[in-house]
Amino acid sequence: MHHVAQWLVSALLILSPASSRSTDAVAPANQVATLIELNGPIGPAMSRYVEHSLADADNEHSAVVVLQMDTPGGLDTSMRDVIKAILASPVPVVAYVAPSGARAASAGTYILYASHIAAMAPATNLGAATPISIGGEPSAPPAVPPVKSGDDKKLKGPQAIPVATTSEQKAVNDAVAYIRALAQLRGRNAVWAEAAVRGAASLSANDAREQNVIDIVAKDMPDLLLQLQGRKVTAADHEWVLDVRGLAVRTITPDWRTRVLLILTHPTIAYGLLLIGIYGLLLEGYNPGVVLPGVVGALSLLLGLYGLQLLAVNYAGLALMALGIGLIVAEFFMPAFGSLGVGGLAAFVIGSIILFDNQAAAARVALPLIVGIAVSGGFVIMAIVWLAARARRRPLSAGAESMIGAAVEAINDCQDRCVVRFGAELWNARTSTPLRAGQQARIVKVEELTLWVEPLHK
């Protein structure tokens, strides 16, 4: 029993949903720095990974957490989940935009402002934090510790982006209030933060340091840890003096469930699964009983819809795609010489382009994929039009007229009336020339259910 219990405990540890760890060096408690890599758009899967990683860093008594970012932005709700986790973290969090060439745009700027210490590598940038709504009211901001007011300086810099609707105005004002609260909480430049929201302002690393937007410009992790040494930070109402000399760096990687979610919620993957599902079900409908297309289509469609549910989808784009598929299917059943197909293809392509038109600049379907689907659809529609035109030119292949000239075989000897075989059927026939059993004849006339025939070789 003791061995069984040990085996069960080991299995539970292996299958635990916590993020997997890869440690650069073994170190005692409080002698490790935790590295969390936030690469790509910020969505539900990414926010879940960051939240669990911060909790894990607290459980492991890390001295500091480095949140290394390279992101084009992401969903507002996921961004706020990450920020709430940072604000509640008892372990100091350092937002580090790296490596060189990385960016912390849109939602990444808010996360950087919320972190206890903000750092950037050379040749990186941040900003362009204007919210882009896809419809509906923005969610309320998470609770931020009270801050002192008094920053009444007028906004300088780029002109504010024009706001077309009341809901967009509310979203911008909410975002401005939120980022200013974070700036005042961390003692950073609130005026530039407002410019990043209203005017989509951006800054390079050195300019951000000069304007008190970030605290450190560090070329790599060792340089960052060196500059963090001795800094005072306040985390969870406790003031800490960072002692990071000689710390081993422990990297937390996403667990398998998070990796699966990140794959499913990638716009191109979700879009491809949706297409596979639709065409799989169509093939099953055209060829009942094949089974495989139906099974693959159903699974792909469910996974695609699951991925779309996690993404902020533009439902107008989704509706246009559905309309396009419907029109293309209608072209199959009642060919309209391409009019239905071309209209459906246009609706499908437009819907594909605007499907992921949301806050994350990178959360869009790859344009080459859309072009490839459009070209393939165009060829399919051309094939349908060609087949329909050829069918119209083809002579009638059904009815009594189509039987004239067809060959039949006499079943018995006859002088006037006889029975002949036409295809797999037996017909009553009349002839003006006697026929022998097995002799070939051809149909010259059809009267009701009687065939008039004459021998092929007299």
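Tutor: Residues are numbered from 1 along each chain as its sequence is written, and side-chain values use heavy atoms, with hydrogens and water left out.

The bridge at Arg-103 belongs to a parallel pairing, in which 3 bridges join S5 to strand S7 (residues 125-127); two strands pair if DSSP finds at least two bridges between them. Helices (H or I, at least four residues) and strands (E, at least two) are DSSP runs, numbered from the N terminus. S5 and S7 are part of an open sheet of 3 strands with mixed pairing, in the order S5-S7-S8. Its edge strands, each pairing on one side only, are S5 (103-105) and S8 (202-204). On average, and with direction ignored, neighbouring strands of this sheet are turned by 15° against each other. Angles like this one run from 0 to 180 degrees between N-to-C directions, and the axes are lines fitted to C-alpha atoms, for helices over the stretch in contact.

Helix H4 (residues 107-114) lies across S5 and S7, and runs at about 100° to S5. The rings of Tyr-110 and Tyr-178 count as stacked, because their planes are at 25° and their centres lie 6.3 Å apart. This pair links distant parts of the chain, since Tyr-110 is in helix H4 and Tyr-178 is in helix H5 (residues 166-186), 68 residues apart. Both Tyr-110 and Tyr-178 are buried, where buried means under 20% relative accessible area, exposed over 50%, and partly exposed in between (1.4 Å probe, protein chains only). The other pair, Phe-422 and Trp-427, is edge-to-face, with 6.5 Å centre to centre and 80° between the planes. Rings of Phe, Tyr and Trp (its six-membered ring) pair if their centres lie within 6.5 Å, and planes under 30 degrees apart count as stacked, over 60 as edge-to-face and the rest as tilted. Trp-427 counts as buried because its relative accessibility is 17%.

Strand S13 (residues 407-410) and strand S14 (residues 417-422) run antiparallel and are joined by 2 bridges, with a hairpin of 6 residues leading from S13 to S14. Glu-409 stands opposite Arg-421 in S14, and in S16 the bridge partner of Glu-409 is Gln-440. S13 and strand S16 (residues 440-447) pair in the antiparallel sense over 3 bridges. S14 also pairs antiparallel with strand S15 (residues 425-431), over 6 bridges, where Val-419 stands opposite Asn-428. The hairpin between S14 and S15 has 2 residues between the strands, and Gly-423 in the turn has a positive phi of about 65°.

Two cysteines are also worth a look. Cys-414 is buried because its relative accessible area is 7%, and Cys-418 is buried on the grounds of a relative accessible area of 7%. The structure holds 0 disulfides, a disulfide being a pair of cysteine sulfur atoms within 2.5 Å.

Across the whole chain there are 14 helices and 17 strands, and 43% of the 458 residues count as buried. Of the contacts (heavy atoms within 4.5 Å) with a separation of 6 or more, 69% come from residues 24 or more positions apart.

Where pLDDT is low, the predicted coordinates should not be read in detail.

Conventions:
This is a predicted model: local features need pLDDT of at least 70, side-chain atom pairs count only at pLDDT 80 or more; totals for chains, interfaces and linings use all residues.
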